[in-house]
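Colleague: Could we go through this model together, taking the side chains before the overall fold?

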Amino acid sequence: RASSPAPLPRPQPAAPPPVAVPAPPPEPTPEQRAERALLEGLRARRTEIEAREQAIQSREMVLAAAERRLAQRVEELTALQQRIAAADRSNGEREEAGWRQMVKLYEGMRPRDAAAIFDELDLAVLVPLVDRMREAKAAPILGAMKPDRARLLTTELARHRARPAN
């Protein structure tokens, strides 16, 4: 038999190159530690500032909403105040028209007849009534009234006219 060539040795896989174990990082210098601490402090400060900014923005939104509600209430109150003032003027005009009618009625009466009524009339009605009368019409009526009643009316008229107008 023929000799067969000897089997060739199989090539062994190449051993992986030795892995270099990284050397531990060198110990940071005091300057590097200080810089790192400063950067961490700045990062923390930035986070704090951003949180404050968000809180401020939230407060501003709440404040803006409150200002809008307040402005709306002010408008409502202003409108209400105007309506009340208009109603007050209307009532005042109506009341004054009633007084003018009563004054006209008594000014048209004979002084003696008006004096008889005035002698018995409540002062709360008599004083504003005589105050609105023309002097030329009120004088003869006062002259025809009972003296004590005319004196009381004159005193009350003086007090009424001395009060400040509201």
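Colleague: Is Phe118 buried or exposed, and what is its relative accessible area?

Modeller: This is a predicted model, and the assignment rests on a computed area, where buried means under 20% relative accessible area. Phe118 falls under that cut-off and is therefore buried, its relative accessible area being 1%.

Colleague: Which residue forms an aromatic pair with Phe118, and what is the angle between the planes?

Modeller: The structure holds one aromatic pair. Its members are Tyr106 and Phe118, with 5.1 Å from centre to centre. Planes under 30 degrees apart count as stacked and those over 60 as edge-to-face, with the rest tilted. The pair with Tyr106 is accordingly described as tilted, the angle between the planes being 55 degrees.

Colleague: Where do Tyr106 and Phe118 lie, and how many residues apart are they?

Modeller: Tyr106 belongs to helix H1, which covers residues 30–108, whereas Phe118 belongs to helix H2, covering residues 111–120. The pair thus links distant parts of the chain, and the separation between its two members is twelve residues.

Colleague: Is Tyr106 buried or exposed, and what is its relative accessible area?

Modeller: With the limit for buried residues set at under 20%, Tyr106 qualifies as buried. Its relative accessible area is 10%.

Colleague: How many helices and strands does the protein have, and what pattern does it follow along the sequence?

Modeller: The protein has five helices and zero strands. Read along the sequence, the pattern is α-α-α-α-α.

Colleague: What percentage of the residues of the protein count as buried?

Modeller: The protein exposes about 14300 Å², of which carbon and sulfur atoms supply 58%. Of its 166 residues, the share that count as buried is 14%.

Definitions and conventions:
Residues are numbered from 1 along each chain as its sequence is written. This is a predicted model: local features need pLDDT of at least 70, side-chain atom pairs count only at pLDDT 80 or more; totals for chains, interfaces and linings use all residues. Side-chain values use heavy atoms; hydrogens and water are left out. Rings of Phe, Tyr and Trp (its six-membered ring) pair if their centres lie within 6.5 Å; planes under 30 degrees apart count as stacked, over 60 as edge-to-face and the rest as tilted. Helices (H or I, at least four residues) and strands (E, at least two) are DSSP runs, numbered from the N terminus. Buried means under 20% relative accessible area, exposed over 50%, partly exposed in between (1.4 Å probe, protein chains only). Accessible areas come from the Shrake-Rupley method with a 1.4 Å probe; for residues, only the protein chains shown count as cover.
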